Amino acid sequence: WLIVTNNSAVGMRRLFPCWDEPGLKAEFIIAVKVPEYYNVFSNSVLFTSMSKPLTTYYIVTSEIPTYRIGIVIFDKHDYTGICPIQNVKLWRRELMEVQWDQILKLIEDVTRTVEHTWQLHEDYLLRNQFAIAGLTDDGVDKLAFVLYREEDIIYNEKIDPIARKIELSRKIGRKVVGQLFGTAVSPSWWSCMWLNEGIATLFGVYTINQVFFHV
């Protein structure tokens with residue numbers, strides 16, 4: 001099984017007591033205890049402490065609002081990580097007839113284009129991306145942490161039309177760019193989240209146009 005934080009409005013208060021408002025920030029230290037055969041990932045600094053049969057993961061954040069906290073927990077046997085480029089890993093289930101090489105190429109192209117366009121260090125857009133079956137996308141961006149709904153990014157060149165690849169490219173562009181623009185500013189209230197989403201979507205489309213300028 002798998003656990004993913006869903007941080008849409010008032011989502012984090014179901015995980016722990018907090019002031020779950022976008023305009024309020026704090027530093028957090030979160031302890032997660034799981035069996036040793038589980039993986040724990042976060043978009044913040046992660047420390048581990050082994051005490052069989054449990055492993056304790058300590059998540060230490062910078063000063064952020066609660067909705068920026070990202071945590072994913074899953075059985076090590078269920079998901080496999082593949083690296084399209086250095087410092088970026090896509091975790092996904094093993095699926096038949098899915099051309100992951102096409103998806104990885106898109107992730108690589110988009111990431112490189114964003115880094116080049118905004119002159120970012122290679123490790124700025126780093127760490128983990130996840131393709132999760134049945135994910136309810138909360139539309140919240142988290143630096144160094146990308147969550148895709150698996151159904152949104154699976155692709156088979158033999159049976160899918162080119163329009164599917166265009167749609168997939170836009171979703172990946174929006175998600176990768178969202179790490180940069182979606183997390184730059186925290187709105188004072190949930191009704192202002194459209195501004196983060198709008199900027200991330202705009203530059204996501206811009207980035208995809210740069211990737212496919214020759215098409």
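This is a predicted model: local features need pLDDT of at least 70, side-chain atom pairs count only at pLDDT 80 or more; totals for chains, interfaces and linings use all residues.
Phe47 stands opposite Tyr58, a residue of strand S5. Residues are numbered from 1 along each chain as its sequence is written, and side-chain values use heavy atoms, leaving out hydrogens and water.

Let me begin with the sheet. Strands here are DSSP runs of E, at least two residues long, numbered from the N terminus, and two of them pair if DSSP finds at least two bridges between them. S4 and S5, the latter spanning residues 54-60, are joined in the antiparallel sense over 7 bridges. Together with S2 they form an open sheet of 3 strands, in the order S2-S5-S4, with antiparallel pairing. At the edges lie S2 (29-35) and S4 (45-51), each pairing on one side only.

I turn now to the aromatic rings. Rings of Phe, Tyr and Trp (its six-membered ring) pair if their centres lie within 6.5 Å; planes under 30 degrees apart count as stacked, over 60 as edge-to-face and the rest as tilted. By this rule there are 13 aromatic pairs. One of them, Phe74 with Tyr79, is tilted, at 5.0 Å centre to centre and 40° between the planes. Phe74 is buried (under 20% relative accessible area, with a 1.4 Å probe and protein chains only), its own value being 0%. Tyr79 is likewise buried, at 9%.

Note on methods:
Helices (H or I, at least four residues) and strands (E, at least two) are DSSP runs, numbered from the N terminus. Buried means under 20% relative accessible area, exposed over 50%, partly exposed in between (1.4 Å probe, protein chains only).
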